[in-house]
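Welcome! Please take a look at the sequence and the 3D view below, and then we will go through a ligand site and a sheet together.

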Amino acid sequence: MSTIPSPSPAATPLPTGEPSAATLARAAERTAGRLLAPSAPHRLADVVPAPQRVEPGPVEAWVLPSEAVVVASADPAALAVAEQLAELLRPATGYPLPVTDATAPEPAGGIALLLDDTADLGAEGYRLDINTDGVRLTASTAAGLFYGVQTLRQLLPATIESAVPVSERWALPGGTIIDAPRFPYRGAMLDVARHFFAVEDVLRMIDHLARYKLNHLHLHLTDDQGWRITVDSWPKLTTIGGATEVGDGPGGHYTKADYARIVAYAAARHITVVPEIDLPGHTNSALVAYPQLAPDKIAPPPYTGTEVGFSYVDPADDRTYDFITDVLGEVAALTPGPWLHIGGDEAFKVKGETYTGFVERVQRIVADLGKTVVGWHQLAPAAHLDGRVLQWWGTNGEDPTTADAVRRGARLILSPGNHAYLDMKYAPDTPIGHDWAGLIDVRKAYDWDPGSHVADVPTTAVLGVEAPLWTESVTSLTDIELLLLPRLPAIAELGWSPRETHDWAGFRDRLAGQGPRLAAAGITFHRAPEIPWPTTPTIPGQRPAPQADTAPR
Ligand code: TNX
């Protein structure tokens, strides 16, 4: 089998009158022999995260033809998802896949995307029907269509992830999937403060989130080692506070345009950005830039180590709250999503009523900006405020203080340190990462239930899950991917899939099927030994992806 000789698939549709791509593929196969292992037929249920309901039909119902059209409801949001689908499929197939609209889209031998607000599928649900006539995807919202597209993508052969054309039978299993998430909040966090990451790296991480139907990206924008977002009214936060990071690196920061680019890229993938300004601790970089915020009004030296808990803004000075109002106001104005995360963790030097008084004042600033406050669960003892969300990162589910805050109205995002922390090592020999919360192999990341994890917190108070990636030891995109994959899909499944589908053996096998996809897409992942990874197909013309713990540093 050979590649279709075209470096730019979208630009070179097969001319009419020429043999079809399928004919070409067969001819190429005969003459060149097969370089690729035959693609095993995919089962309709081979999807991560596991869908709510799968009704399999014929093992192979339909093969995407080279002349397929993607037809969508005549609505800009539906057409945008149709275009995203076509963009996903064009590079590997080399097919033109034109996108058209219709009032009542029908597959007609291609793919139809229907936006139907009378469909009873929920805000993020979708229905996918695959039969001999093609693919029909139905949802009440563009987000639902987008998630259906992610499922469809996983049902095609793994080589669909190739950036260059591959000769392949683009076969799909038949049947129906009806799917919707268990929890409304499914997220991951990237700490861009300990080490700064370029916008492109963040965009690539957003792609990984989208693949597994996550819908929130939490950016930890400030910490002792660096301040990463421009604040016009306090410019030295970035010019001085942004110029450092852990170790000797140059740091960096996002301009407002950079941040807007991240927000827009995420929004196009139905992902909401949750910005965090960590207060009152984790603020050394701000104190270096503006000593008047410091309790002793003396600028501390810049900090590039990895200790925590030593810095804090002066809770007794009104100017601190003016600063916070300005900063949160500017960040809120750049952020279309409802959330503002105010940190609150490890403020070891601001105790008792001073701490709760500070938090209550900052919670009100957030509410006055029209945003919903999120903070680490250390916020729990402070007074409740409408809508408040606590991000729980404990390692022991017996937490009466958090349970009490929930009784007073708080909702929880679950990020248990010993299951969901992506900066923990997989095994003692993982080259980067921490182990203070223990080692987290894929099974440990998967085997817990967000709905019942914290004692005396009912499932109804759980907004969802988030996998945080702290970056004290993470310095490159390769590092990010190594720690993210394949644990992110485990956390994504806990956030999306109904509890009844929870099954380690089944998950392990479905996850194994992701290996060739990630490899074909050139994405680094940890070849966790407990997962039965299949042999990765070689895609002609593409460098093999780095795959091991030993990825180049
Ligand atoms: C604890 S988790 C922290 C972070 C560190 C992390 C390292 C949390 C809210 N605070 O400041 O980066 O541990 O794992």
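How far is an oxygen atom of the ligand from an N or O atom in the side chain of Asp 423? The distance is 2.6 Å, which falls under the heading of polar contacts (pairs of N or O atoms within 3.5 Å). This is a predicted model, where local features need pLDDT of at least 70, side-chain atom pairs count only at pLDDT 80 or more, and totals for chains, interfaces and linings use all residues. Residues are numbered from 1 along each chain as its sequence is written, and side-chain values use heavy atoms, leaving out hydrogens and water.

Here are polar side-chain distances to a ligand oxygen atom:

| Residue | Distance |
|---|---|
| Arg 194 | 2.8 Å |
| Asp 423 | 2.6 Å |
| Glu 472 | 2.6 Å |

On its own the ligand has 360 Å² of accessible area (Shrake-Rupley method, 1.4 Å probe), and the protein covers 97% of that. Around the ligand are 14 residues (a heavy atom within 4 Å), with Tyr 421 and Trp 436 among those that come nearest. The shell divides into 7 nonpolar, 2 polar (Gly is counted here) and 5 charged (Asp, Glu, Lys and Arg) residues.

Strands S3 (residues 70–73) and S5 (residues 111–115) run parallel and are joined by 3 bridges; Val 70 stands opposite Ile 111 in S5.

Notes:
Polar contact = N/O pair within 3.5 Å; in protein donor to acceptor, adjacent residues only side chain to side chain. Pairing = 2+ DSSP bridges. Helix = DSSP H or I, 4+ residues; strand = E, 2+ residues; numbered from the N terminus.
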